[in-house]
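Thank you all for coming, and please have the sequence and the structure open while I talk.

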Amino acid sequence: MTSSTPYLIRALYEWMTDNSLTPHLLVDTGDVDVQFPKALIKDNKIVLNISPTAIANLIVGNVFIEFSARFSGVEKFISIPVSSVLAIYSRENGSGMTFEKDEILQELFTVTRKMFFAFNKERTSRSFHIVL
């Protein structure tokens with residue numbers, strides 16, 4: 001059975017934006033290979049504003065959440081595993097939901113990541129980078 005977490009994140013995100021609330025994600029950065037500004041990380045956690053005015057190209061998939069965001073004026077492509085999301089909540093009133101670390105999604109993320117890096121090693125003649 002698939003995890004309900006990505007479905008709940010999508011639903012709560014839509015509800016928040018429909019009601020002019022500002023959705024935020026609380027993310028465990030221990031499993032995320034993205035260079036966030038160190039000042040934004042506290043206890044291996046970061047809060048990300050994912051409102052439509054703060055980010056672009058949001059995709060909430062069943063395994064990854066991806067979007068573009070600016071940090072100190074520098075645009076970055078962000079890709080985080082759904083299993084690293086600890087909560088989605090609104091800035092205005094704290095409405096939202098917390099999540100337990102999903103063991104099945106975490107395992108799928110680990111396998112997907114290993115497959116990507118194995119594939120990427122074989123293609124060393126071409127240079128491209130995907131942040132997981």
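Predicted model: local features only at pLDDT ≥ 70, side-chain atom pairs only at ≥ 80, totals over all residues.

Which strands does E6 pair with? On one hand there is strand E1, residues 23-28, which runs antiparallel to E6 and is joined to it by five bridges; as a point to find on your screens, proline 23 has serine 90 of E6 as its bridge partner. On the other hand there is strand E7, residues 96-98, which pairs with E6 over three bridges, again in the antiparallel sense, and here tyrosine 89 has glycine 96 in E7 as its bridge partner. E6 and E7 form a hairpin with five residues between the strands, and in that hairpin glycine 94 takes a positive phi near 75 degrees.

If you now follow the chain from E1 towards strand E2, residues 45-49, you pass through a loop that contains aspartate 43. Is aspartate 43 buried or exposed? Its relative accessible area is 70%, so aspartate 43 is exposed. Although aspartate 43 and threonine 29 are 14 residues apart along the chain, their C-alpha atoms are separated by 8.9 Å.

**The sheet E3-E4-E5**

Next, please turn to the open sheet, which is formed by three strands in the order E3-E4-E5, with antiparallel pairing. Its edge strands are E3, residues 55-60, and E5, residues 74-81, because each of these pairs on one side only. On average, and with direction ignored, neighbouring strands in this sheet are turned by 15 degrees against each other.

Within the sheet, strand E4, residues 64-71, is joined to E5 by eight bridges, and the two run antiparallel.

**Two salt bridges**

In one of them, the side chains of arginine 70 and glutamate 75 meet, at 3.7 Å from N to O. Arginine 70 counts as exposed, at 55% relative accessibility, while glutamate 75 is partly exposed, with a relative accessible area of 48%.

In the other, arginine 91 pairs with glutamate 92, and the closest N and O atoms are 3.9 Å apart. Arginine 91 is exposed, with a relative accessible area of 53%, whereas glutamate 92, at 41%, is partly exposed.

**Helix H1**

I will finish with helix H1, which has 14 residues, numbered 5-18, and reaches 20 Å from its first C-alpha to its last, close to the 20 Å expected at 1.5 Å a residue. Which residues of H1 are buried? They are Thr5, Pro6, Ile9, Leu12, Tyr13 and Met16. These residues lie on the same side of H1, because they cover an arc of only 130 degrees around the axis. Just after the helix comes serine 20, which takes a positive phi of about 55 degrees.

Definitions and conventions
Residues numbered from 1 in each chain as written. Heavy atoms only, no water. Helix = DSSP H or I, 4+ residues; strand = E, 2+ residues; numbered from the N terminus. Expected span 1.5 Å × (residues − 1). Buried < 20%, exposed > 50% of the residue type's maximum accessible area, 1.4 Å probe, protein only. Arc of directions from axis to C-beta. Salt bridge = Lys/Arg side-chain N within 4 Å of Asp/Glu carboxyl O. Pairing = 2+ DSSP bridges. Axes fitted to C-alpha atoms, helices over the stretch in contact; angles between N-to-C directions.
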